[in-house]
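Please read it with the structure open.

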Amino acid sequence: MKTLTHLERLEAESIHIIREVVAEAEKPVMLYSVGKDSAVMLHLARKAFYPSPPPFPLLHVDTTWKFQEMYKLRDRMAELSGMDLLVYHNPEAQEKGINPFDHGSLHTDMWKTEGLKQALDKYGFDAAFGGARRDEEKSRAKERIFSFRTSSHGWDPKNQRPELWNLYNAKKAKGESIRVFPISNWTELDVWQYIHLNDIPIVPLYFAEKRPTVERDGMLVMVDDDRFPLKPGEKPVMRSVRFRTLGCYPLTGAVESTAKTLPEVIQETLLTTTSERQGRAIDKDAGGAGMEVKKQQGYF
Amino acid sequence: MTDQTITKDKNEPVYVVDDLIAKDIDAYLDQHEHKTMLRFITCGSVDDGKSTLIGRLLYDSKMIFEDQLDALTSDSKKVGTQGQEIDFALLVDGLAAEREQGITIDVAYRFFNTEKRKFIVADCPGHEQYTRNMVTGASAADLAVILIDARKGVLVQTRRHSYLCHLIGIKNIVLAVNKMDLVDYSQDVFDKIVADYTEFAEGIGIESFTAMPISGFKGDNITTLSENTPWYKGPTLVEHLETVEVISSVDADKPFRMPVQWVNRPNLDFRGFSGLIATGSVKPGDAIRVLPSGKTSKVSRVVTFDGDLDEAVAGQSVTVCFEDEIDCSRGSVISVADNPPQTADQFESTIVWMADDALVPGRAYWLKLGTQTVSATIHAPKYTVNVNTMEHMAAKTLELNEIGVAEIATDKQIVFEPYAENRALGGFILIDRMTNATVAAGMLHFSLRRSQNVHWQALDIGRKQHADLKNQRPAVLWFTGLSGSGKSTIANLVEKKLYRMNRHTFLLDGDNVRHGLNKDLGFTEADRIENIRRVGEVSKLLADSGLIVITAFISPFQADREMVRSMLPEGEFFEVFIDTPLKVAEARDVKGLYKKARAGELKNFTGIDSPYEAPRDPEIRIDTTKMSPDEAAELIVNTLLGDA
């Protein structure tokens, strides 16, 4: 009898999770960040319900500071999947002109953390899919696949429901919601390989290309549009770079690379000696427990 | 910086894959694509070197990156317990609270690869108070690594971990005798431990296990056979993990079963049933049977996004279409036609209690098994098992982390198989109906004969005929509220009004019932639940005879009122909440009970030292501070008859 490969088992498990949510939640939504993990999650959702389109919308909690190429792919994927795309901007952040150059961590707090809470409340979603993986970060390693949030979106790591076999308890009181992580058990390598095998469209920024960059605090930052305030004497230099993770362009460090194909990207990823999230400023906040604290406050 | 500590052991990993990655990435990817997956659990306490072993596996398979290693090195110096050496435990102890306390509280999942397999490790705490976490981690595991400190031998916790793994049905057990470096790699020590363990394992029914001498700290027999143990002829830990058989391939050889998650119906031309295949395989043309209805058909297509399949096997998520339009929905189980699973509503099962609040026998809980969710009541346990000695002990309930055997009754027939034969159709969780928490995990043993043999007596004069004769629709007006809230007064008025309108009624009053039917019951939580259950059953019989039943009981627990509601046909149960604030009821104190309760003469008095759970969504709510008893009765009668 056929023994399934690890990717086949992971795929089946993720599809099972996505279907359970649709069967048991009242109003699910998929958080779509346009990165590679979102790309895999969206692809799994399409597989789960084929030939129907996934019976929930995509939600992009936008900061207005994403890379241009991300916006392009986002719109294309929504069309391809036949799903509704909801884009949410925190009106307060918009009004105050919150940006990553002047406002530091407030940028993430207001656009992303607050924006997400507002969007979920506005539409009344009671279950939200997210593309987080347990191998990303220590506090994620212990988070459940179905992660409960209070009506104020708080997470209590000491009060998580046990998850046995593949039985998920999706019951909740009015006002409470669930974050569901269908690709919890995937590693970075699994994600890349799955994208490769299934030919899933991803943002071209993951591949090396000559791009205008400046070096700041040891990080290579791409000058993606003319809102980038260049310091006196600072001049964008064309470098062959790519990105390991994608976020707001001023906060996302590029790595110098010549990897132009997926196998080359995977090769580079496997040979590298630093972990994936290192390029992100967010994890360095608040010491070792940075992400755990952020999650308790409602960060995804 | 760290090299002197990390590389001082001479064992180099055997599966250095970096060469292939650099030389031929396509070949590497091809290899990785075809890897199988093994999920395993590590059992043991921090003292046994469990975290160190996992850290070692991650490190040896290059799953620790330089930046993580930097953080680890600085953390080791700050809070580590290994002096200047790297404390691998810090790498895997995730939550901040755990780090401060130096213990692993929760289940954490770790990932690593070798050339042959991908591994998911459930890292579980070992202390007795974390039995539930271990059971959780074990539930998805193909294999368990049970760690023993070579200096200490087989301990109480070794027995506990082994029992739990065996209970959850893990067939592959590795006895890893760790810290061999601290006993001079002595074969005698190892052999003695293996002999002790063999005796114990046979006693609890573990058929086989694989023992190996290791040192997680030094790396002996982890990835390469150690020169320090020339007398050991078995495989290394990693070699064993790479070759042991995984559950999904065992499940594929069993009869076909697929619990239906979701009905896929994009348009009138397509109707498919989506699910994860639990056991067996399916292909177009196969004769199938849908449970519990028992209807049969043939498979017309096995649909996936990547195209129709010629065959799908256990572990795959697919969508199955039939040749005929037969009833099938979420909760149904699709099975091979000639060998279907059973259906039943009463079972014996093992239950692991996972909540701070103890099991309340007789109370209704949600039971989720596969994709079926039903209401279930648990009897008082036949016995509990002492997880340290395996002794059976008498018990009235199950407390947090206790394991017991008890009978379960569900409110309707469910499709099941004994857990030992099929995890997907025999494993279940219990959910508290008030808090929605997952309070227990359970494993079905078998169905009880009585549920198979007791058939409902088919009656010629049924409830419809009874009701028609009385020219009314039966109903149960269930009054609930604090003692002294005015339930009996208003219930009396309601009955009088209905009587005058030629309605056939019957009033069941709390005090009266306790003088007869329920005079054997006291006021403990369990007795109060039984009290309500009996009243519920009597109400149901009276309603079956066509009567309008009026009950007046405090009935403080939402779950119990819901249990009665679920006994009756939709629309016949009216929850009437007599909403009188405690202050007001206590001030009235018609029977002088509050005074006694306050003086400590009456125990378990609702509102004083026993909780009252107010209805969340009652059919009728009476605010007695704003309404006279007569007005209240009028409102209740109008609602009942207006609805009827």
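1. Ser555(B) sits in the loop between strand E26 (548-552) and helix H19 (558-567) of chain B, where helices (H or I, at least four residues) and strands (E, at least two) are DSSP runs numbered from the N terminus. The model is predicted, and local features need pLDDT of at least 70, side-chain atom pairs count only at pLDDT 80 or more, while totals for chains, interfaces and linings use all residues. Residues are numbered from 1 along each chain as its sequence is written, and chains are lettered from A and ligands numbered from 1 in the order in which they are written.

2. An unreviewed UniProt entry places its annotation "active site" on Ser555(B); such positions are given in the numbering used here, feature names are shortened, and annotations may be inferred rather than shown by experiment. Is Ser555(B) buried or exposed? Ser555(B) counts as buried because 27 C-beta neighbours fall inside 10 Å, the scale being buried if 20 or more other C-beta atoms lie within 10 Å of a residue's own, exposed if 12 or fewer, and partly exposed in between, with C-beta atoms placed from the backbone. Leaving aside residues up to four places away in sequence, Ser555(B) touches Thr480(B), Ile532(B), Asp560(B) and Arg561(B), a contact being two residues whose C-beta atoms, placed from the backbone, lie within 7 Å.

3. Chain B as a whole has 22 helices and 28 strands, and buried residues make up 47% of its 644 residues. Of the contacts in chain B with a separation of 6 or more, 73% are between residues 24 or more positions apart. Chain B is divided into domain 1 (3-245), domain 2 (251-336), domain 3 (342-453) and domain 4 (463-643), with bounds that come from an automatic or database domain assignment. The C-alpha centres of domain 3 and domain 4 of chain B lie 30 Å apart, and nine residues of domain 3 of chain B are in contact with twelve residues of domain 4 of chain B.

4. Between the chains, 56 residues of chain A are in contact with 61 residues of chain B. On the side of chain A that touches chain B, helix H1 (6-24), helix H2 (36-49), helix H6 (188-198) and helix H7 (262-271) of chain A each supply at least two residues, and the largest share, eleven residues, comes from H1(A). That side of chain A divides into 24 nonpolar, 16 polar and 16 charged residues, where Ala, Val, Leu, Ile, Met, Phe, Trp, Tyr, Cys and Pro count as nonpolar, Asp, Glu, Lys and Arg as charged, and the others, Gly among them, as polar.

5. H6(A) deserves a separate look. Its buried residues include Trp192(A), Tyr194(A) and Ile195(A), and the buried residues of H6(A) pack against H1, H2 and H7 of chain A together with helix H3 (25-33) of chain B. Just after H6(A), Asp199(A) takes a positive phi of about 55°.

6. Chain A is divided into domain 1 (6-191 + 289-296) and domain 2 (202-281), whose C-alpha centres lie 24 Å apart. The contact takes 18 residues from domain 1 of chain A and 18 residues from domain 2 of chain A. On the domain 1 side, H2, helix H3 (68-81) and H6 of chain A each supply at least two residues, and H3(A) gives the most, with four residues.

7. Chain A also holds an open sheet of six strands with mixed pairing, in the order E3-E2-E1-E4-E6-E5, two strands being paired if DSSP finds at least two bridges between them. Strand E3 (85-88) and strand E5 (146-149) of chain A stand at the edges, each with a single partner strand, so one side of each has no neighbour in the sheet. The twist averages 30° from one strand to the next, with axes being lines fitted to C-alpha atoms, for helices over the stretch in contact, and angles running from 0 to 180 degrees between N-to-C directions. E5(A) and strand E6 (residues 177-180) of chain A run antiparallel and are joined by four bridges, and Phe148(A) stands opposite Ile178(A) in E6(A).

8. Elsewhere in chain A, strand E7 (residues 209-216) and strand E9 (residues 237-242) pair in the antiparallel sense over five bridges, with Arg239(A) in E9(A) as the bridge partner of Arg211(A).
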